[in-house]
Amino acid sequence: MNSSDTITSLATTVAAMKRAHVQDGPASAELRRDRIDRAIRLLTENHKALEAAVSADYGHRSPYQTLLADVLSSVAELKYAAENVEQWMQAEEQPAPGPGMKARIQYQPLGVVGIISPWNFPLNLAFSPLAGVFAAGNRALIKPSELTPRTAELLAELVARYFDPMELTTVLGDADVGAAFSAQAFDHLIFTGSTSVGRHVMRAAAENLVPVTLELGGKSPVVIDTDADLRTAAERVMTIKTFNAGQICMSPDYVMLPEGARDAFVEHAREFIAHSFPTLQANPDYTSIISERHFKRLQDLLDDARAQGATVIGLEPQGEPNADAARRKMAPTLVLGVTDEMKVMQEEIFGPILPIKTYRDASEAVDYINANPRPLAAYYFGNDAERQRNFSAHTTSGALVINDVMTHATVETVPFGGVGASGIGAYHGIHGFRRFSHAKAVVEQSPDGESNLRLRAPYAEGLAQVESLLAG
């Protein structure tokens with residue numbers, strides 16, 4: 001089916017799924033678990049083919065990274081939802097609002113949910129929200145990224161094998177299809193991607209008053225305090241900066257260090273990379289940049305920084321190039337002496353480039369973060385409990401991780417999402433179930449209807465009572 005036909009059929013598909021949702025009635029806990037279990041089987045029974053498709057789309061992607069971050073991570077979230085869905089579905093009884101009255105919150109499925117998933121974790125960022133979508137009793141359409149076409153095509157084939165098209169289906173196509181997808185009359189729309197595209201998605205969804213969950217990105221900072229172990233901080237930061245070659249929305253986007261600590265951090269980072277990647281260009285553990293366009297964009301960021309006076313330090317193994325356009329592999333690269341005029345400090349990097357800033361006082365770091373758009377995550381390294389609390393209280397981010405990077409993404413009991421320019425809404429675990437449910441207030445009147453009786457005319461006696469209450 002070409003893009004034009006796909007766009008034409010979208011509204012028909014969404015409407016048919018909505019009708020099926022209403023006709024079939026609310027999904028039972030058993031059906032919700034069954035749908036989640038089939039999603040788990042899709043991933044586990046086809047993990048080799050999926051890993052190969054993702055690697056082919058990247059040019060090369062570490063098999064370990066795909067199996068860990070895309071397959072196993074998704075399976076863990078799906079299993080958690082399956083184990084807890086029956087408990088989550090229970091109505092929440094509330095304190096009686098009046099004598100003889102009852103009140104409760106009933107969680108109902110929204111209906112049909114659209115999921116626009118990105119290329120950097122093409123399986124995880126489709127199936128992770130799907131865990132909450134299915135647990136809440138919804139149906140879904142997934143629009144995978146056109147930048148991972150082999151993965152998208154395989155996903156469409158597998159979804160059709162494991163699911164009825166009225167439960168879950170996949171929509172393939174280019175950016176025009178993605179734009180049309182975001183304009184459909186879903187009951188909820190989930191988008192993971194850049195802030196700039198997120199604005200377009202939200203604008204399109206608004207035409208149909210479709211509520212959105214936007215998981216965006218921005219420039220997630222790392223602040224290293226004076227009492228932090230610098231080697232540990234460097235190792236943990238560079239672990240995530242090299243995972244998927246830094247192509248992660250939560251990847252550290254810049255580091256802020258105390259003055260005088262920069263050279264030691266650089267040396268610790270160099271030693272860590274030399275140990276982790278003694279070779280790089282031919283190393284199966286190191287992932288390529290997704291496309292020529294993104295590879296060139298990263299090189300342009302470095303060229304711009306150099307032209308404005310920054311010092312660029314490549315951490316490539318001796319005898320290897322810093323970057324190979326044919327392989328689209330780029331070594332971890334530190335940028336020192338950065339200024340806000342440089343593009344590397346203005347754009348989300350989404351690659352293995354790490355700018356480093358220094359500060360004289362910890363308050364400078366907090367002020368700098370607060371002067372910029374709110375990030376998806378912030379990372380603080382330091383051992384003093386009072387300083388940790390102060391940093392948490394005086395900065396706003398989608399999440400805060402102390403003495404590590406990105407750990408929150410695998411913790412099912414906390415919400416995952418952004419704030420401000422880094423996103424709207426959160427999911428994972430019960431937070432996803434609630435995000436993709438309608439929390440309906442249910443109130444039962446008492447037999448004597450006291451709260452109803454007081455609204456009836458004539459009001460003379462009631463007026464006297466109200467005036468007495470206000471006076472007193």
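Guide: Tyr64 is found in helix 4, residues 63-89, where a helix is a DSSP run (H or I, at least four residues) numbered from the N terminus. This is a predicted model, in which local features need pLDDT of at least 70 and side-chain atom pairs count only at pLDDT 80 or more, while totals for chains, interfaces and linings use all residues. Residues are numbered from 1 along each chain as its sequence is written, and side-chain values use heavy atoms, with hydrogens and water left out.

Visitor: Why does Tyr64 count as exposed?

Guide: Exposed means over 50% relative accessible area, buried means under 20%, and partly exposed lies in between (1.4 Å probe, protein chains only). Tyr64 has 55% relative accessibility, and therefore counts as exposed.

Visitor: Why is Leu463 called partly exposed?

Guide: Leu463, which is found in helix 16 (residues 460-471), has a relative accessibility of 47%, so it counts as partly exposed.

Visitor: What makes the nonpolar surface patch?

Guide: Tyr64, Leu68 and Leu72 make a nonpolar patch of about 320 Å². Patch residues must have over 30% relative accessible area and no salt bridge, and nonpolar side chains (Val, Leu, Ile, Met, Phe, Trp, Tyr) are joined within 5 Å; a salt bridge is a side-chain nitrogen of Lys or Arg within 4 Å of a carboxyl oxygen of Asp or Glu.

Visitor: What lines the largest pocket?

Guide: The largest pocket holds about 1300 Å³ of space. Of its 50 lining residues, Gly193, Ser194, Thr195, Ser196 and Val197 are the closest to its centre. A pocket is an open set of points on a 1 Å grid, where a 1.4 Å probe fits, with protein on both sides within 12 Å along at least five of seven lines, and lining residues have an atom within 4 Å of a point. Helix 8 gives the most to this lining of the largest pocket, with seven residues.

Visitor: How does the lining of the largest pocket divide by class?

Guide: The lining of the largest pocket has 23 nonpolar, 17 polar and ten charged residues.

Visitor: Which residues are the closest to the centre of the second largest pocket?

Guide: The second largest pocket has a volume of about 480 Å³, and of the 25 residues that line it, Ala69, Ser73, Met406, Ala409 and Thr410 are the closest to its centre. Helix 4 gives the most to the lining of the second largest pocket, with five residues.

Key:
Patch = residues over 30% accessible without salt bridge, like charges linked within 9 Å, V, L, I, M, F, W, Y side chains within 5 Å. Areas by Shrake-Rupley, 256 points an atom, 1.4 Å probe, with all protein chains shown as cover. Helix = DSSP H or I, 4+ residues; strand = E, 2+ residues; numbered from the N terminus. Points joined across faces, edges and corners; volume = space filled by probe spheres on them. Nonpolar A, V, L, I, M, F, W, Y, C, P; charged D, E, K, R; others polar.
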